[in-house]
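Please consult the sequence and the model while reading.

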Amino acid sequence: MTINTETAQLLKRVAAVFRVKEGDTFRYKAYINASVAIDNLSEPLVEVWKRGGLDSVPGIGENLAAYLNEYFSTGKVKHFNSLFKKVPSGMFPLMTIRGIGPITAYKIAKKFHLNEEKTAISDLKEILIKGELNKIKSFKEKTVQKIQKALNIQSFGKTRLPLYEALPIASEFIDYLIKSKYILAAEPLGSLRRKLETVGDIDFGICSSTPKKAMDYALTYSKISSVITKGGMVSHIKLINGLEADLKISLPNSWGSMLQHYTGSKLHNIHLRTITKEKGLSLSEYGITKKEKLNHFTSETKFYQFLGMDYIPPEIRENGGEIELAQSHKLPRLIELTDIKGDLHIHSDYDFESSHDLGVSSLSEIFAVAEQKKYQYVGFTDHNPKFLGLTENQKNKIILDRKKYLEAQFHAYEKRVKHRVIKLLIGMEVDIRTDGTIALSEKSLSLLDYAIVSIHSSFGLTQEENTKRIIQALSHKKAKILGHPTGRTINSREPISANWAEIFDFCAKNKKIIEINAYPTRLDLPSDLIKQAVQKGVRFVINTDSHEDSQMENMKYGVWQARRGYAEKKDIVNTFSFENLRSVLEL
Ligand SMILES: [Zn+2]
Ligand SMILES: [Zn+2]
């Protein structure tokens, strides 16, 4: 920090104390002005001071010049220090967060006793995670959301990589690894193997009976920019995209325990260790020690079996009850990608005055991919026509013309394939407006097979307002599916606030379907909410929200997310046969 920034910050702190403790807005402004002036100086303030020119700096009056003189001569200002004693020190770092001014910072620091500068920001994060910030009565929900947003943006992105970015990097490396005759298997470890929406480190486990040869081969991968440390069994590398990774080699006889150990999660492993310790067992990456004898495991299944448990899929190793379920052989049979029989949220290339973005692929392009995937049905759901500027008749005409357009292409497709025909559904993705109405008239809605209702605006409403508007929108009989429920987009938009328990109860009772949106920057429905809804008997649909045919490949992300929420095939309507789906959609 330069001397000018340092001094400017000091004055900002003084200003803040005047503001919150003395209610002295005059001196607050004077100190802020001085602080800004100093920050903008083109030469170090200390030089100005040395030549006795402090009073020539705009905003520095006689009093302040005296304090600065004391500051540059002794390194501190007694008067300032006595002011600082009036407030908890934790408020100062909080003021550096966007959207937090002196009063807000003071209220937070005082309420939660944040007296340490060093830990104040991480303490605040914890308070937010626990949802305790609204304990401050004068805080509006919007204030809390704003702070949460600012902090997430500060912490997100730097350390955690979205799964869809990490996965191709990892897959490419693994494809390279398993080409070697010295490598028997290779897997990603940690959060990447557990398929979290964002991942921390990308580390790799390598199974080999000739570790030296395997390591030499691994380290010659063309996308490694540098080998930071090289060891016989573990090396630390940097990839050309700047990501760092650990490579951990295991002999085949302990491959199972090594994979288990480094897949985590930490909480899962801690819980596992606690309950097995009672039985006199000790777990490590090398195996399980029982009565001083180390037992090796070639597979994770054998590892869990030794502990009297069923194999636990990595996606649910989060210490959310999976260990107990595995002990009592009651783990859910999680949904698999191959269970999926169709995709009900695809934007077509039909060109019209739409409220949001159009798709780019034609029906025949979409159906070609659906055929490869052995889908039985596809639902097109373009956004509703723009709400303002079109008459009801114009909107109806758009919907009818679009229907004709899709049907004509469908008939051409039917003629071409003859044998196994994929069924076509024509729906629409309809905006949930701020007041809970949906952006299509009764007549337009009656022309559709089904509607997905989604929030695309006014994300900042209160929990109560959002809950109300969602339930109201879903109350329409054509509204079958709630699209991308929380609206969160990774690293760019926070989830909306809503009472999900109430919404899930409504959906369970009224047979409304919740979408698990597989678009990799969305994946907006967190696994714990999916889990809650599964327990309430809510049904889901996993949709790709594709705007072009290649995006239909994203289905896997949605399936992983559903698995992380303990969802089984029976919970997901697009694993149903077309006949059963029709009855769910009341067609
Ligand atoms: Zn949408
Ligand atoms: Zn969409």
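Q: Which residues in H1 meet which residues in H7?
A: This is a predicted model, in which local features need pLDDT of at least 70 and side-chain atom pairs count only at pLDDT 80 or more, while totals for chains, interfaces and linings use all residues. Residues are numbered from 1 along each chain as its sequence is written, and chains are lettered from A and ligands numbered from 1 in the order in which they are written. Helices (H or I, at least four residues) and strands (E, at least two) are DSSP runs numbered from the N terminus, and two residues are in contact if their C-beta atoms, placed from the backbone, lie within 7 Å. The residues that meet are Ala16, Arg19 and Val20 in H1 and Pro102, Ile103 and Tyr106 in H7.

Q: At roughly what angle do the axes of helix H1 and helix H7 cross?
A: Axes are lines fitted to C-alpha atoms, for helices over the stretch in contact, and angles run from 0 to 180 degrees between N-to-C directions. Angles under 35 degrees count as roughly parallel, over 145 as roughly antiparallel, 65 to 115 as roughly perpendicular and the rest as oblique. The axes of H1 (residues 3-22) and H7 (residues 102-111) come within 9 Å and cross at roughly 70°. That makes H1 roughly perpendicular to H7.

Q: How are H1 and H2 oriented to each other?
A: The axes of H1 and H2 (residues 25-39) come within 8 Å and cross at roughly 170°. The two helices, H1 and H2, are therefore roughly antiparallel.

Q: How do the residues of the contact of H1 with H2 divide into nonpolar, polar and charged?
A: On the H1 side the contact includes Leu11, Lys12 and Phe18, and on the H2 side Tyr28, Tyr31 and Ile32 are among the residues. The contact of H1 with H2 divides into 10 nonpolar, 5 polar and 4 charged.

Q: Which residues of helix H8 are buried?
A: A residue is buried if 20 or more other C-beta atoms, placed from the backbone, lie within 10 Å of its own, exposed if 12 or fewer, and partly exposed in between. The face of H8 turned away from its buried side carries the exposed residues Glu126 and Ile129. In H8 (residues 120-129) the buried residues are Ala120, Asp123 and Leu124.

Q: How many of the residues of helix H13 are buried?
A: The buried residues of H13 include Trp255, Met258 and His261. Helix H13 (residues 255-263) is largely enclosed by the rest of the structure, so the buried count is 9 of the 9 residues.

Q: What is omega near for the peptide bond from glycine 264 to serine 265?
A: Glycine 264 follows H13 and has a positive phi, near 70°. Serine 265 lies in the loop between H13 and helix H14 (266-277). The peptide bond from glycine 264 to serine 265 is cis, with omega near -5°.

Q: Against which elements do the buried residues of H20 pack?
A: Among the buried residues of H20 are Asn466, Arg469, Ile470 and Leu474. The buried residues of H20 pack against strand S14 (451-454), strand S15 (479-482) and helix H21 (500-510).

Q: Is asparagine 491 buried or partly exposed?
A: Asparagine 491 lies in the loop between S15 and H21. Its phi is positive, about 65°, although asparagine 491 is not a glycine. With 15 C-beta neighbours inside 10 Å, asparagine 491 counts as partly exposed.

Q: Is glutamate 586 buried or exposed?
A: Glutamate 586 lies in the segment after helix H24 (578-584). Phi of glutamate 586 is positive, near 55°. With 11 other C-beta atoms within 10 Å, glutamate 586 is exposed.

Q: Is isoleucine 542 buried or exposed?
A: Isoleucine 542 is in strand S17 (residues 539-543). Not counting residues up to four places away in sequence, isoleucine 542 touches residues including Ile340, Met555 and Ile572. With 30 other C-beta atoms within 10 Å, isoleucine 542 is buried.

Key. Ala, Val, Leu, Ile, Met, Phe, Trp, Tyr, Cys and Pro count as nonpolar, Asp, Glu, Lys and Arg as charged, and the others, Gly among them, as polar.
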